[in-house]
Amino acid sequence: MTALSVIVPFYNERESLPELVRRLYEALEDRRLRGLLGEGSGFEVIMVDDGSTDGSSALVREMIAGRPEIRLVSFRRNYGKTAALSAGFRAASGEVVITIDADLQDDPGEFAALVAKLREGYDLVSGWKQERQDPLSKTLPSKLFNLTTRLFSGIPLHDFNCGLKAYRRELAASLDLRGEMHRYIPVLAQWNGYRVAEIPVRHHPRRFGKSKFGTARFFTGLFDFLSVMFITRYLRSPMHFFGMAGLSSFAAGLGISLWVTVDKLMNHRPVSNRPILFLGILLIILGVQFVSTGLLGEMLSSRPSRSAGFAVRETANLGDEVARRLEE
């Protein structure tokens, strides 16, 4: 029985991988963690290569020979962390799933604490990099991101985007991620009725390479934030959002048009040169379009999609059933 699946998404982290795997195995053999999982329980380490070009996949294949618990999923190109996590969740077979970044900044020694918190009845336990070892250019935007997400979502977490998280299998298998929504997994989880918690975790300075996330992440993060806020409130009832906007716009446009018409009849004022008439017509048209969009959204929401938008180049040390699941 596989009690624990560890998912490691990586992109051009060849220098970090040997040390990371050594630390992972030390943590996975920890007596406290083994006691929480149950003696004799197995584990697996799922390495997801997000289209690396530095030979990272070849290095992982070499590691598999001496460590049969390692599995490899390799993408044809770089799709992003969300797709890598989605592939890892699909491939995982453990009752508990832990995600960790490959840059050696997250500490595998926190696995036992994460699982212990999970055993208290939570479905997702997220790490909190309380003393983050990153430059101000990363920590300041992160604080702003977390503050904004906390205010709008109502979830009292300090670090939504920490790569170190523990999940129950049921939750991990239910996640339908796209874009860059890995940042908002706690929001999506709590919206679906799962219990979410947070614990402080150690964080280390980056030893090799550099961060793979540039300034573009601020814009993609904003768009995904708007998407998540819409999904968590109106995914199953998009007409509640678009319908209200449509009715408001239509009512305002109709009111303006009626006022212009009455003014014409009562005061004999011309309407052909009055810009407010065109505003009323525009609002009526927008109202109809909003309602139409809501109806289309209602139809689309009844057809859930589990496509994460990635293509797998190769797998290693995975069963045939798991490999087929990744290719669906």
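Contact here means heavy atoms within 4.5 Å; helices (H or I, at least four residues) and strands (E, at least two) are DSSP runs, numbered from the N terminus. The model is predicted, so local features need pLDDT of at least 70 and side-chain atom pairs count only at pLDDT 80 or more, while totals for chains, interfaces and linings use all residues. Residues are numbered from 1 along each chain as its sequence is written, and side-chain values use heavy atoms, with hydrogens and water left out.

**Helix α3**

Helix α3 spans residues 56-66, and its buried residues are Ser 56, Ser 57, Leu 59, Val 60, Met 63 and Ile 64. Buried means under 20% relative accessible area, exposed over 50%, and partly exposed in between (1.4 Å probe, protein chains only). Because these residues cover an arc of only 155 degrees around the axis, they fall on the same side of α3; the arc is that of the directions from the helix axis to the C-beta atoms. Their cover includes β1 (2-10), α1 (17-28), β2 (42-49), β3 (70-75) and β8 (312-316). Glu 62, Ala 65 and Gly 66, on the other side of α3, are exposed.

**Glu 198**

Strand β7 (residues 196-200) contains Glu 198, which is buried at a relative accessible area of 17%. Leaving aside residues up to four places away in sequence, Glu 198 touches Ser 126, Gly 127, Trp 128, Pro 156, Leu 157, His 158 and Asp 159. Glu 198 and Leu 157 are 41 residues apart in sequence.

A polar contact is a pair of N or O atoms within 3.5 Å; within protein, one must be able to donate a hydrogen and the other to accept it, and residues adjacent in sequence count only if both atoms are side-chain atoms.

| From Glu 198 | To | Distance |
|---|---|---|
| Glu 198 side chain | His 158 side chain | 2.8 Å |
| Glu 198 side chain | Asp 159 backbone nitrogen | 2.9 Å |
| Glu 198 C-alpha | Leu 157 C-alpha | 6.6 Å |
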